[in-house]
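Colleague: I'm new to this one. Please walk me through it, starting wherever you like.

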Amino acid sequence: MAGELLERLVRQHPDHPAAGVWWFDAALAYKFLNNWAKAYELGREAAARADRDAQEPAFWNLGIAATIMEDWATARDAWRGFGLSVPDGEGEIVADFGVAPVRLGNGEVVWARRLCPTRARVLNVPTPESGRRFGEVVVHDGAPNGEREVAGQTYPVFDELLLFRASTLPTTTVHVVAETPEDVRALAAFFDEHGYAAEPASGTRVLCSCCSEGSVSQDANHQVGGGQQVNLAAPVDEIAGLMDAWRSAVPARRSWTWPRAS
């Protein structure tokens, strides 16, 4: 394979003028194979030969691999070598790098809050059939693959590389009748106040891969009134109490039921 051949070549000719490029290409080849231990090992060699503060991709790829290997000291140094500012510390890098859409491994695009240059916590409730969950932390690539436009602002879409930390919150689907879109938005806000999430199924759009990887415009206020399915990310034993509290605020306009067994 390419990674092995390049690694053998550069180890045989470590002083060759192209050695830095060979280290980088070898590490990149292992990254494409999701062999993160080798990508980390060879990425360190590539970064050691790259110019700091010049946005050299060797540092970015090392930052990803070091994050996956949970070598936080190396990850911090790699991001700083690339030219980014990250908080000091010894453990996980946890900061606010803004929100971005991330394409999960099943092709579903969700919004997530970036905790570092390559890790993000999922803010949406993924579709139940995806098996993915609100609140999980994923590692994403640094090269954009599509974009989403919301309220005149464009956000690059990043592809997921792997699930870094699973979420303990299950996804439950209920049927909701809400007279107005504001009632649906109030439901989402109410769950958010409790650290959970409510996502109306009407907000999900199915796109082919070609369209998904292009430029897609999204409406931030996509909620609609009427009867609809809503996906909830919350402990199952708390759902009834939360839903009843939402309904009782304006009972004339709101109701909900558990889904019927098929």
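**A first look around**

Colleague: Which residues is E160 in contact with, leaving aside its neighbours within four places in sequence?
Modeller: They are V102, R103, L104, G105, R132, V138, V139 and H140. Contact means heavy atoms within 4.5 Å. Keep in mind that this is a predicted model, where local features need pLDDT of at least 70 and side-chain atom pairs 80 or more, while totals for chains, interfaces and linings use all residues. Numbering starts from 1 along each chain as its sequence is written, and side-chain values use heavy atoms, without hydrogens or water.

Colleague: Where does E160 lie?
Modeller: In strand β5, residues 153-165. Helices (H or I, at least four residues) and strands (E, at least two) are DSSP runs, numbered from the N terminus.

Colleague: Is E160 buried or exposed?
Modeller: E160 counts as buried, because its relative accessibility is 14%. The scale is relative accessible area with a 1.4 Å probe, protein chains only: under 20% is buried, over 50% exposed, in between partly exposed.

Colleague: What lies 2.7 Å from a polar atom of the E160 side chain?
Modeller: The backbone nitrogen of G105.

Colleague: Back to V102. Which strand is it found in?
Modeller: V102 is in β1, residues 99-103. V102 is buried too, with a relative accessible area of 1%. Beyond four places in sequence, V102 is in contact with E108, V109, V110, A112, V138, H140, F158 and E160.

Colleague: How far apart are V102 and Q228?
Modeller: 25 Å in space, C-alpha to C-alpha, and 126 residues in sequence.

Colleague: Zoom out. How many helices and strands are there?
Modeller: The chain has 8 helices and 10 strands. Its C-alpha trace spans about 75 × 40 × 40 Å along the principal axes. Of its 262 residues, 43% count as buried. Among contacts with a separation of 6 or more, 56% join residues 24 or more positions apart.

Colleague: Which residues have the most contacts inside the largest nonpolar core?
Modeller: W36, L42, I64, W79 and I93, in a core of 35 residues. Such a core is a set of buried Ala, Val, Leu, Ile, Met, Phe, Trp, Tyr and Cys residues joined through side-chain atoms within 4.5 Å. Two or more residues each come from α2 (19-32), α3 (36-48), α4 (57-68), α5 (72-82) and β4 (137-150). With 8 residues, α4 gives the most.

Colleague: What is I93 in contact with, again leaving aside neighbours within four places?
Modeller: W72, A75, R76, W79, P87, L115, C116 and R119. A second, separate core has 22 residues, including V125, A234, L242 and M243.

Colleague: New topic. What is the strand order in the open sheet of 4 strands?
Modeller: β7-β9-β6-β10, with antiparallel pairing. Two strands pair if DSSP finds at least two bridges between them. The edges are β7 (197-200) and β10 (254-257); each has a single partner strand, so one side of each lacks a neighbour in the sheet.

Colleague: Over how many bridges do β7 and β9 pair?
Modeller: Over 4, in the antiparallel sense, with β9 covering residues 226-233. E199 has N231 in β9 as its bridge partner.

Colleague: Last one. Which residues are buried in α1?
Modeller: G3, E7 and V10, in a helix running over residues 2-12. They line one face of α1, because they fall within an arc of 70° seen down its axis. The arc uses directions from the helix axis to the C-beta atoms. What covers these buried residues includes α2 and α3.

Technical notes: Polar contact = N/O pair within 3.5 Å; in protein donor to acceptor, adjacent residues only side chain to side chain.
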